[in-house]
Amino acid sequence: MIKLWLIRHGMTEGNRHQRYIGVTDEPLCPEGMELLKTFTYPKPQTIFVSPLRRCQETAEILFPGQKVRIIDQLAECNFGEFENKNYQELDGNEHYQSWIDSGGLLPFPGGESREEFKRRNVTGFQKAVNGCLRNGISLAALVVHGGTIMNVMEEYADEDRSFYDWHVQNGKGYEVEIDPELWKKGRKFLHVIREL
């Protein structure tokens, strides 16, 4: 079995203010760094991260000195014109209201659609799993974004939940496992062990 830790990056200033932070490459805030230092995760054999700074900083705090492997497709969604704004700042924006009315299903104006975002994240996750299979890795961590985790869990988890039901707080995530033989045969699913 391959055990994976899907961990959301630590808190940023944008997260503190409930902003849509996707492609904005902001660092962790001091509070976020301190909170991460209270978490303990087992030392993985390999660590996959998003290319964004907040994920790389989180990996360095949780797993100091360990080399990370960047997978570009694991990056967060491009929120387009909503990027780096919160719901209060978007109040009265007709595009935002249309997006809310759609239940979050419309593409972000000037950004990605849910389908594009999910397809990209799933491709990145498959690269990580296939890397584990090729290299005989049995314990890996993915330090990524909330939306990335939600896409992966919605696609592969053996529990039937919607995208938004897989939301996790900063520094938290899921412990899951994959049966390598079933994965190779095309039966691609994650067994959810627990929420972190």
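User: Why are Y96 and W99 separated by about one helical turn?

Analyst: Because Y96 and W99 are three residues apart in helix α5, about one helical turn lies between them. A helix here is a DSSP run of H or I with at least four residues, a strand is a run of E with at least two, and both are numbered from the N terminus. The model is predicted: local features need pLDDT of at least 70, side-chain atom pairs count only at pLDDT 80 or more, and totals for chains, interfaces and linings use all residues. Residues are numbered from 1 along each chain as its sequence is written, and side-chain values use heavy atoms, with hydrogens and water left out.

User: What makes F82 and Y96 an edge-to-face pair?

Analyst: Rings of Phe, Tyr and Trp (its six-membered ring) pair if their centres lie within 6.5 Å; planes under 30 degrees apart are stacked, over 60 edge-to-face, and the rest tilted. This rule gives a count of 17 aromatic pairs. For F82 and Y96, the centres are 5.2 Å apart and the planes make 90°, which places the pair in the edge-to-face class. The pair links distant parts of the chain, with F82 in the loop between β3 and α4 and Y96 in helix α5, 14 residues apart.

User: Why is Y96 called buried?

Analyst: Buried means under 20% relative accessible area, exposed over 50%, and partly exposed in between (1.4 Å probe, protein chains only). Y96 has 8%, so Y96 is buried. Y96 also forms a stacked pair with W99, at 6.0 Å centre to centre and 25° between the planes. Ring pairs join Y96 and W99 with Y20, F79, F82 and F108 in a cluster.

User: How do you know that the side chains of E112 and R120 make a polar contact?

Analyst: A polar contact is a pair of N or O atoms within 3.5 Å; within protein, one must be able to donate a hydrogen and the other to accept it, and residues adjacent in sequence count only if both atoms are side-chain atoms. The side chains of E112 and R120 are joined at 2.8 Å, which meets the distance limit. The E112 side chain also reaches the backbone nitrogen of N78 at 2.9 Å. E112 lies in the loop between α5 and α6. With a relative accessible area of 13%, E112 is buried.

User: What makes R114 a charge over the ring of F163?

Analyst: The rule requires NZ of Lys or CZ of Arg within 6 Å of the ring centre and within 35 degrees of the ring normal. R114 lies over the face of F163 at 3.8 Å from the ring centre. The charged end of R161 likewise sits over the ring of W166, 3.9 Å from its centre.
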